[in-house]
Structures are given as C-alpha cells and as structure tokens.
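Trainee: Hello! Could you walk me through a structure that is new to me?
Mentor: Gladly; have a look at it, and then ask away.

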Amino acid sequence: MGKDDVKHANAGGAIVKIDDATRAKLQEIIKNRALLAAGLGLVPVPVFNFASTMVIQIAMVQSITKLCNVEVKKSWVKNIISSVLGSVTSTGLAQLAAGSLGNAPLIGNSLAVISAPAINGLTTYAIGHMFLRYFESEDGFLKTNFKALGNWFKEGFKEGREKLGGAISGKQQPVEAVAV
C-alpha cells in the first residue's frame, strides 16, 4: 500500500474537512449500503453473501472518497477492507461461524438466515464509519495505521448496532451474537 494508492484533491492537505451537509450525505450512504448488505444477507448462499457484501463495501467507500475529494485505487480499498476484517477477530470469527451455521442439523439454515443479514449490515456500516474517520484523521490519512483502523471499525460496529440493529434484525434490540 504505497503512497500512490491514495491522493487528496488538495495536494497539500492530508486531512479531509467535512461540513455538516456532506457529513449527512456520507452517513446516509453508509446507512443505505449497510441496509442493502443486510438485505442481500437473506440470500442463503454464503459465497454470494461474501462477494455481494464486498462489492457493496467497495462501492460505498468509493462514494465516500468521491464526496471527500479523495482518489483511491480499488485494489487499495480491497486490501484495507480485507486486512481490517481479518484482524478484527471477533467479527471475523462471527462471519466465519455464520457461513458454517447452515451445516448445523435442524436449525442450521434458520440460524444462518438470521445472522447473515446482521453480520453483513453491521460490518458494512463499520467499514463506512472506519473510512470516514480515517479520512478525517488528525494524523492524515496518507499513513495507514491498522490499529487505528481496527479501533474505528469497532466503534462503527457498535454504532451500527445502536442505530441499525432493529432495522437489520427485525427486533428493537440489536443482535448480540456478534460481539466486538
């Protein structure tokens, strides 16, 4: 992940300034993409769920970067998403578990169908939150700090459970099976 992977439209500035109107648009993009990912999680095909969620997340980040006047390479976005999801073990393990829940006798398919939308939606929300925080970082987003990215991802996951938990799970309270 070299310095040519990310460029700010204002050549000298590495901190993105976001006004309230733009922030509202960005939060709407994140929310809508999270709900879309959750909806696609209802399709009982794990490979489809993984691939479609990744496509939604990449498109979401590209929308975020466009509004933030940041140019990024698609491969860089994929690498960041994969690295963060792989390093946030509780979420990574939960995704892996959800993919194999369908194999549990009698209740497997039901558990997978219930958990996949929540996992897809919440990880997508968390990734949007993480990138938004990353571009606004006081350290400047041209430095990739994976510890900070992981922390921002966890913050976003928690925020997603609070804001979208009921919408994703169909309940008032967020799904608690996925802990961060």
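The questions and answers below go through this predicted model.

Trainee: What share of the residues counts as buried?
Mentor: Here a residue is called buried when its relative accessible area is under 20%. The chain has 180 residues, and the share of them that counts as buried is 43%.

Trainee: How are α1 and α2 oriented, roughly parallel or roughly antiparallel?
Mentor: Two packed helices are described by the angle between their axes and the distance between the axes. The axes of α1 and α2 come within 9 Å and cross at roughly 170°. Angles over 145 degrees count as roughly antiparallel. Therefore α1 is, relative to α2, roughly antiparallel.

Trainee: How many residues in the contact of α1 with α2 are nonpolar?
Mentor: On the α1 side, the residues that meet α2 include L26, I29, I30 and L36. Their partners in α2 include F48, I56, M60 and I64. Five residues of this contact are polar and two are charged, while the nonpolar ones number 12.

Trainee: And α2 with α3: which word describes how they are oriented?
Mentor: Helix α2 spans residues 46-67 and helix α3 spans residues 74-87. Their axes come within 10 Å and cross at roughly 120°. The range from 65 to 115 degrees would be roughly perpendicular, so the word for α2 relative to α3 is oblique.

Trainee: How many charged residues are in the contact of α2 with α3?
Mentor: From α2 come M54, Q57, I58, V61 and Q62, and from α3 come K74, V77, K78, I81, S82 and L85. Sorted by type, there are six nonpolar and three polar residues, and the number of charged ones is two.

Trainee: V61 is in that list. Is V61 buried or exposed?
Mentor: V61 is found in helix α2. Leaving aside neighbours within four places in sequence, V61 is in contact with V77, I81, I127 and F131. Because its relative accessibility is 0%, V61 counts as buried.

Trainee: Now a loop. Is P44 buried or exposed?
Mentor: P44 lies in the loop between α1 and α2. Its C-alpha atom is separated by 8.6 Å from that of A116, although the two are 72 residues apart along the chain. Because the relative accessibility of P44 is 65%, it counts as exposed.

Trainee: One last thing: what is the phi of N69?
Mentor: Most residues other than glycine have a negative phi. N69 sits in the loop between α2 and β2 and is partly exposed, with a relative accessible area of 48%. Although N69 is not a glycine, its phi is positive, at about 55°.

Note on methods
Residues are numbered from 1 along each chain as its sequence is written. This is a predicted model: local features need pLDDT of at least 70, side-chain atom pairs count only at pLDDT 80 or more; totals for chains, interfaces and linings use all residues. Side-chain values use heavy atoms; hydrogens and water are left out. Axes are lines fitted to C-alpha atoms, for helices over the stretch in contact, and angles run from 0 to 180 degrees between N-to-C directions. Helices (H or I, at least four residues) and strands (E, at least two) are DSSP runs, numbered from the N terminus. Angles under 35 degrees count as roughly parallel, over 145 as roughly antiparallel, 65 to 115 as roughly perpendicular and the rest as oblique. Contact means heavy atoms within 4.5 Å. Ala, Val, Leu, Ile, Met, Phe, Trp, Tyr, Cys and Pro count as nonpolar, Asp, Glu, Lys and Arg as charged, and the others, Gly among them, as polar. Buried means under 20% relative accessible area, exposed over 50%, partly exposed in between (1.4 Å probe, protein chains only).
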